[in-house]
Amino acid sequence: MASNKEDQLRMEVVKGAKTIYTKGLVEAGEGNVSLRNGKKEELFITPSFNQYDTLKKEEIVHLNFDGTPLSAGKLPSTEAKMHIAIYKSRSKAQAVIHTHSTFATMLSIVQKSIPIIMEEMYIFLGGPIDISEFGKAHTEEIGEVALNALGKKNAALLANHGVIVCGKSLDHAVKFAELVEKLAKIYWGALQIGEPKIVPEEHLERFQKLFETLFANYPRSMRRKNIKNP
Ligand SMILES: [Zn+2]
């Protein structure tokens, strides 16, 4: 029987999923939201062909990191392997969100990274939003290409696919998914009217501690590497 704690995590996934749906970052049947089950090698993830408007906690799928379902009912999101790859590599990541939000996906199709165009990007995400190599959807390969593009950061664009973000909480991940779409829209707009200028590096150093303390969730093994060359 599900514990109260597990019930709470399911409700949290439902809330996060409905928030990104209400904000227009996903349409029915696309994107996915997951939460790690505390320190266990398990996660709660939205189901395959997720209908956000009617989503209930009973539909959230409880999975082991080896892919074994721990609950009966719906099939897990087809991108569960990508979520699991991120949790396995980042012990501090508690939540992962994947969207096909429009402006970010447009940039992913021209395979364009978003450079540091605003300071908040550095504070919340830890640097530019890099574009990944192309990875086949629904496979472990896409987990690997996502991790490579994430480096030490909290968000990346998946080539010809969309967005991946991870956070120390679901609230963080929701915030990052919204921020990526906002920045993609701003960058796209700026490209229409001129040449976007990048925030000078010397203005960013003072925010590094803020990012590291509040939002970073990259693995300890990366700590000594330079943030720009993870
Ligand atoms: Zn997708």
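1. A crossing of two helices is called left-handed if the near helix is turned anticlockwise from the far one by less than a right angle, and right-handed if it is turned clockwise. In this predicted model, helix 3 passes helix 6 in a left-handed crossing. The axes of helix 3 and helix 6 come within 7 Å and cross at roughly 60°. On the side of helix 3, the contact is made by Phe 103, Ala 104, Met 106 and Leu 107, and on the side of helix 6 by Val 180, Glu 181, Ala 184, Lys 185 and Trp 188. Sorted by class, the residues of this contact of helix 3 with helix 6 are seven nonpolar, no polar and two charged.

2. Helix 6, which spans residues 170–193, also has helix 1, residues 4–22, beside it, with the two axes coming within 10 Å and crossing at roughly 15°. An angle under 35 degrees counts as roughly parallel, and helix 1 is therefore roughly parallel to helix 6. The crossing of helix 1 with helix 6 is right-handed, whereas that of helix 3 with helix 6 is left-handed. Glu 12, Gly 16, Thr 19 and Ile 20 of helix 1 meet Leu 170, Val 174 and Ala 177 of helix 6. By class, four nonpolar, two polar and one charged residues make up the contact of helix 1 with helix 6.

3. Helix 2 contributes Lys 81, Met 82, Ala 85, Ile 86 and Ser 89 to the contact, while helix 5 contributes Glu 140, Ile 142, Gly 143, Glu 144, Ala 146 and Leu 147. The residues in the contact of helix 2 with helix 5 divide into six nonpolar, two polar and three charged.

4. Helix 5 deserves a separate look. Its buried residues are Ile 142, Gly 143, Val 145, Ala 146, Leu 147, Ala 149 and Leu 150. These buried residues of helix 5 pack against helix 2, and also against strand 5 (130–131), strand 6 (155–158) and strand 7 (162–167). After helix 5 comes Gly 151, whose phi is positive, near 55°.

5. Phe 49 has a positive phi of about 50° although it is not a glycine, and Phe 49 lies in the loop between strand 2 (42–45) and strand 3 (61–64). Phe 49 counts as exposed because it has 12 C-beta neighbours inside 10 Å. Gln 111 likewise has a positive phi of about 50° without being a glycine, and Gln 111 is found in the loop between helix 3 (102–109) and helix 4 (119–125). Gln 111 has 13 C-beta neighbours inside 10 Å, and so counts as partly exposed.

6. Which residue is 27 residues from Gln 8 in sequence and 11 Å away in space, C-alpha to C-alpha? That residue is Leu 35. Gln 8 itself lies in helix 1, and Gln 8 is partly exposed because 13 other C-beta atoms lie within 10 Å.

7. As for the protein as a whole, there are seven helices and seven strands, and along the sequence they follow the pattern α-β-β-β-α-β-α-α-β-α-β-β-α-α. The radius of gyration is 17 Å, close to the 17 Å that the globule rule gives for 230 residues, so the protein is as compact as a globular protein of that length. Taken along the principal axes, the C-alpha atoms fill a box of roughly 55 × 35 × 30 Å. Of the 230 residues, 44% count as buried. Among the contacts with a separation of 6 or more, 66% are between residues 24 or more positions apart.

Definitions and conventions
Residues numbered from 1 in each chain as written. Predicted model: local features only at pLDDT ≥ 70, side-chain atom pairs only at ≥ 80, totals over all residues. Axes fitted to C-alpha atoms, helices over the stretch in contact; angles between N-to-C directions. Helix = DSSP H or I, 4+ residues; strand = E, 2+ residues; numbered from the N terminus. Parallel < 35°, antiparallel > 145°, perpendicular 65-115°, else oblique. Contact = placed C-beta atoms within 7 Å. Nonpolar A, V, L, I, M, F, W, Y, C, P; charged D, E, K, R; others polar. Rg over C-alpha atoms; globule rule 2.2 N^0.38 Å. Buried ≥ 20, exposed ≤ 12 C-beta atoms within 10 Å, placed from the backbone.
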